[in-house]
Number of protein chains: 2
Amino acid sequence: MREVAVLGIGQTPVAEQWDKSIRVIAGEAVFAALQDAGRESADGLFIGNMLSGPLNKQENLGALVADWVGLRGAEAVKMEAACGSGGAALRQALIAVASGEMESALAVGVEKMTDTVGPTTTGGLASAADADWEAAQGVSFVAINALIMRRYMHTYGWQKEHFAQFAINAHGNAMHNPNARLHETVTEKQYQRARMIADPINLLDASPIGDGAAAVLLVPTETLKKNGRPRIRIVASASATDSLAVHDRRDPLWLSAAHLSVSKAYAQAGLGPDAIDIFELHDAFSIMAALSLEACGFAERGHGPRLALEEQITPRGQVPIATRGGLKARGHPVGATGVYQIVELVQQLRGEATGTQVPEAKIGMAQNIGGSGATIVTHILRAD
Amino acid sequence: MREVAVLGIGQTPVAEQWDKSIRVIAGEAVFAALQDAGRESADGLFIGNMLSGPLNKQENLGALVADWVGLRGAEAVKMEAACGSGGAALRQALIAVASGEMESALAVGVEKMTDTVGPTTTGGLASAADADWEAAQGVSFVAINALIMRRYMHTYGWQKEHFAQFAINAHGNAMHNPNARLHETVTEKQYQRARMIADPINLLDASPIGDGAAAVLLVPTETLKKNGRPRIRIVASASATDSLAVHDRRDPLWLSAAHLSVSKAYAQAGLGPDAIDIFELHDAFSIMAALSLEACGFAERGHGPRLALEEQITPRGQVPIATRGGLKARGHPVGATGVYQIVELVQQLRGEATGTQVPEAKIGMAQNIGGSGATIVTHILRAD
């Protein structure tokens, strides 16, 4: 298979976009990515989306978006892997181009979660978990993560306040990202006083939903022409799964699919965690950030919060995470998030991450999680 | 890319399976396909499904099914393209194996549409159409097809009774398929007296929903060993799109995505409609069967029903369709249908289609449609 590069990126703000339907939101990101790439079309579209069926009463998103962006006729399909849908769409787009099946492909993540016509968004999000063994018991998605966090604190002896830095870093970084959902700095005191959602997860541990879309245009690296920008090559792509139900796992505090997926990715890229300059991880909840850092080899088991406490997760730290706000403050339009991560990594690797630029960033990793660790997609990008 | 073959097939009956959850239904098809192939695992799973979110409150189906069938850890994802989801899943599984990304892949179509917990199935199916411009006007999916059929009859001068043979053929063939949803022969008189659903579509023009799953195991052709069965190679795969909203098309009576998709497939396989021994088409409604026959070059425009009237669509006719009952009588578990079509084609090409075997069938084509022609996936299989 041939190597693939990211030629163009586009995104919309993550916000409550009540005046725009899902196709309009997706279209804005696609048009921006095409313009950024200097292209007018693509051979195919892979749409990452989780909830358009229940929330927008709209499926068949592939054809819908293809038509809207002027690519009627082009191959198009929707990929669903809960909150990991965006990463999954990117991976299929990548394989389509790498294999030679297409000469260019758009990976588009889109979600419209406010002003919806369906059931509650909380109900929709619960479908990322096991409907028969988790959701049917009345456990919401945040409650599942709360159970994991409580167990983690018990096992490793952390206190609630030790997680504050995840929110503080994410909110601080989002101040420089015009597309972020939240533009408010957060202090340790605010974190401690934040409203409890599902004990021990408070409002500042949880990422906000939103409407938004992000898109990237992929082409074979061999077709890139010099244009004054660094080449952004995708040097690793891997996906793995775990049980949906957390109680079914050997160890609820270990993201085995993240470990499996990142191990493959490191092997493909021929590097390890030390070589990663930026890690856009899936901080849907602060506990997920801690577990991801551990599963990917940045911290020992049970030591994830230490990296945050030592301020190693900031743009000038050892493992910068959530550099444009992350899920926590850029926002988490669930099926779109995985593509936002890639767009933001490309901004960093191009040196265009105004305000939160990681110095001399050359290698970035993005990890997108569907469910509480059930589907995990990892990509490594390299600039040269 | 390397060529890919179908090594194993599996299916469940299409029925009201109230005692089984969606994972159990999917698992039965997967276990059958693995057993048929003489394998115990696969590198990846591609799940075709449309409505698990709204109807079963379950997304993240890739990881769910992978875990249930004993493949926890394996890469897995769900593909959605409305009623074309099964065909889309097959196509992605094919690309994964053809590209060398995987050595084996399962394409699994599954849908659980009865005993559901969500909104009405009719409401769910409407999400295959344009939510803003069709469904929001109160037009159900069957009503959209009724408008197309009415226009077709008006333009080409057909009467209602001229469509009877589509149902008669499908029901007759399903009598020999133990997995079919309906086991009742139909007469012309019964067709004429059938209850009207959305004029001019009556009960015998419309395919029944149901619960069911079908699975195929794909491997590189080069790895096949002689096992006394014919090799079933996938010699063409192509997908194309059209606008979701029918009023947005240049000609509502022409399936341009079917034409685009089948033209690519014919070119890949180096053959034309004359070479096709069996055509498993997407007869969700009898008008769709007529339009598909035309778009794929088996009939002139406006002449689709003539093939049926001349009994050319039966297993001994010139263009056998719905040979195991089709969507009309085998049943239409929407996201699963595209994989059922492939399973049935393989049965035919192996010479195992008891009761409706097409004599000397060597080349078969399957075409799966999402929406009223918006997403169309075509595959051509060849036995030798």
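Ring pairs join Tyr152(A), Tyr156(A) and Phe163(A) into a cluster. Rings of Phe, Tyr and Trp (its six-membered ring) pair if their centres lie within 6.5 Å; planes under 30 degrees apart count as stacked, over 60 as edge-to-face and the rest as tilted.

The model is predicted: local features need pLDDT of at least 70 and side-chain atom pairs count only at pLDDT 80 or more, while totals for chains, interfaces and linings use all residues. Residues are numbered from 1 along each chain as its sequence is written, chains are lettered from A and ligands numbered from 1 in the order in which they are written, and side-chain values use heavy atoms, with hydrogens and water left out.

## Aromatic pairs

Over all chains, a search of the whole structure finds eight aromatic pairs. One of them is formed by Tyr152(B) and Phe163(B), an edge-to-face pair with 6.2 Å from centre to centre and 65° between the planes. This pair links distant parts of the chain: Tyr152(B) is in helix H6 (residues 141-156) of chain B, and Phe163(B), eleven residues away, is in the loop between H6 and helix H7 (164-174) of chain B. Helices (H or I, at least four residues) and strands (E, at least two) are DSSP runs, numbered from the N terminus.

Are these two residues buried or exposed? Tyr152(B) is buried because its relative accessible area is 0%, and Phe163(B) is buried at 0% as well. Buried means under 20% relative accessible area, exposed over 50%, partly exposed in between (1.4 Å probe, protein chains only).

Two packed helices are described by the angle between their axes and the distance between the axes. In chain A, helix H1 (residues 22-37) packs with helix H3 (residues 61-68) at an angle of about 60°, and their axes are 9 Å apart. H1(A) is therefore oblique to H3(A). Axes are lines fitted to C-alpha atoms, for helices over the stretch in contact, and angles run from 0 to 180 degrees between N-to-C directions. Angles under 35 degrees count as roughly parallel, over 145 as roughly antiparallel, 65 to 115 as roughly perpendicular and the rest as oblique.

H1(A) passes H3(A) in a right-handed crossing. A crossing is left-handed if the near helix is turned anticlockwise from the far one by less than a right angle, and right-handed if clockwise. On the H1(A) side, Ile22(A), Arg23(A), Val24(A), Ala26(A), Gly27(A) and Phe31(A) meet Leu61(A), Leu64(A), Val65(A) and Trp68(A) in H3(A). Eight residues of this contact are nonpolar, one is polar and one is charged. Here Ala, Val, Leu, Ile, Met, Phe, Trp, Tyr, Cys and Pro count as nonpolar, Asp, Glu, Lys and Arg as charged, and the others, Gly among them, as polar.

Chain B has its own packing of helix H1 (residues 22-37) and helix H3 (residues 61-68), at an angle of about 60° with axes 9 Å apart. H1(B) is therefore oblique to H3(B), and their crossing is right-handed.

Arg23(A) belongs to helix H1 of chain A. Arg23(A) is buried because its relative accessibility is 8%. Which residues does Arg23(A) touch, not counting residues up to four places away in sequence? They are Leu64(A), Trp68(A), Asp130(B), Asp132(B) and Trp133(B). Contact means heavy atoms within 4.5 Å.

## Helix H7 of chain A

Helix H7 (residues 164-174) of chain A is mostly covered, with nine of its eleven residues buried. Among the buried residues of H7(A) are Phe166(A), Asn169(A) and His171(A). The cover over the buried residues of H7(A) includes helix H8 (188-193), helix H10 (286-295), helix H11 (304-309) and helix H12 (326-329) of chain A.

## Single residues

Gly44(B) is in strand E2 (residues 44-48) of chain B and is buried at 0% relative accessibility. Leaving aside neighbours within four places in sequence, Gly44(B) is in contact with Glu75(B), Met102(B), Ser104(B), Ala105(B) and Leu106(B).

Gln137(B), in the loop between helix H5 (121-125) and H6 of chain B, is exposed, with a relative accessible area of 54%.

| Pair | Apart in sequence | Apart in space |
|---|---|---|
| Gly44(B) and Ile232(B) | 188 residues | 20 Å |
| Gln137(B) and Leu271(B) | 134 residues | 43 Å |

## Backbone

The peptide bond from Asp199(A) to Pro200(A) is cis, with omega near 10°. Pro200(A) lies in the loop between strand E5 (196-198) and strand E6 (201-202) of chain A. In chain B, the bond from Asp199(B) to Pro200(B) is also cis, with omega near 10°.
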